[in-house]
Amino acid sequence: MTITTHEVDDIAVAEVRGQINFQNTQTLKDLFSELEARNQKAIVVDLKETEYIDGFGLSVLVNLSRNVYKGGGKLSLSCLNRELQRIFTKTKLDRWFDIYESQEEACRKLKRGGGKPRTRERKTA
């Protein structure tokens with residue numbers, strides 16, 4: 001799994017590539033801890049290039065969203081492929097998360113405006 005992050009105004013966008021599973025959820029947790037430490041209030045998790053997510057990955061996303069909501073923030077997901085849509089529907093997590101067809105739509109819903117993206121990349125072995 002590789003996670004690339006960038007910010008547009010006050011919105012953090014995390015683009016996740018590969019599979020999210022029990023072997024690499026710590027990378028996702030570390031990123032979310034960093035965002036929480038920066039008091040990030042608006043987060044989009046772009047799953048366009050995510051092939052699969054298991055129960056551990058779903059748990060990490062649910063816990064992140066709880067922490068963000070408790071802090072007065074908002075978390076949205078974007079670009080789920082068919083398999084991910086099926087997983088989120090089957091687990092009823094499509095009711096828990098705001099899910100958008102595009103990253104741009106998710107960002108627009110969180111906050112209007114533009115800005116210059118800053119990029120950072122994380123990789124797991």
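Q: Within what distance must the ring centres of Phe, Tyr and Trp lie to pair?
A: Rings of Phe, Tyr and Trp, the last by its six-membered ring, pair by the distance between their centres. The cut-off is within 6.5 Å.

Q: How many aromatic pairs does the count come to by this rule?
A: The model here is a predicted one. With the rule on ring centres applied, the count of aromatic pairs comes to 2.

Q: Is the aromatic pair of phenylalanine 22 and phenylalanine 56 stacked, edge-to-face or tilted?
A: The two rings are 6.0 Å apart centre to centre, with 50° between the planes. Planes under 30 degrees apart count as stacked and those over 60 as edge-to-face, so the rest are tilted. The pair of phenylalanine 22 and phenylalanine 56 is tilted.

Q: How many residues apart in sequence are the parts that this pair ties together?
A: Phenylalanine 22 lies in the loop between β2 and α1, while phenylalanine 56 belongs to helix α2. The pair therefore links parts whose separation in sequence is 34 residues.

Q: What is the pair of phenylalanine 88 and phenylalanine 97, stacked or edge-to-face?
A: The ring centres of phenylalanine 88 and phenylalanine 97 are 5.9 Å apart. Their planes stand at 70°, and over 60 counts as edge-to-face. The pair is therefore edge-to-face.

Q: Which element supplies the largest share of the largest nonpolar core?
A: The largest nonpolar core has 28 residues, and Phe32, Val45 and Phe88 have the most contacts inside it. Elements that each supply at least two residues of this core include β2, α1 and α2. The largest share, 6 residues, comes from α2.

Key: Residues numbered from 1 in each chain as written. Predicted model: local features only at pLDDT ≥ 70, side-chain atom pairs only at ≥ 80, totals over all residues. Heavy atoms only, no water. Core = buried A, V, L, I, M, F, W, Y, C linked by side-chain atoms within 4.5 Å. Buried < 20%, exposed > 50% of the residue type's maximum accessible area, 1.4 Å probe, protein only. Helix = DSSP H or I, 4+ residues; strand = E, 2+ residues; numbered from the N terminus.
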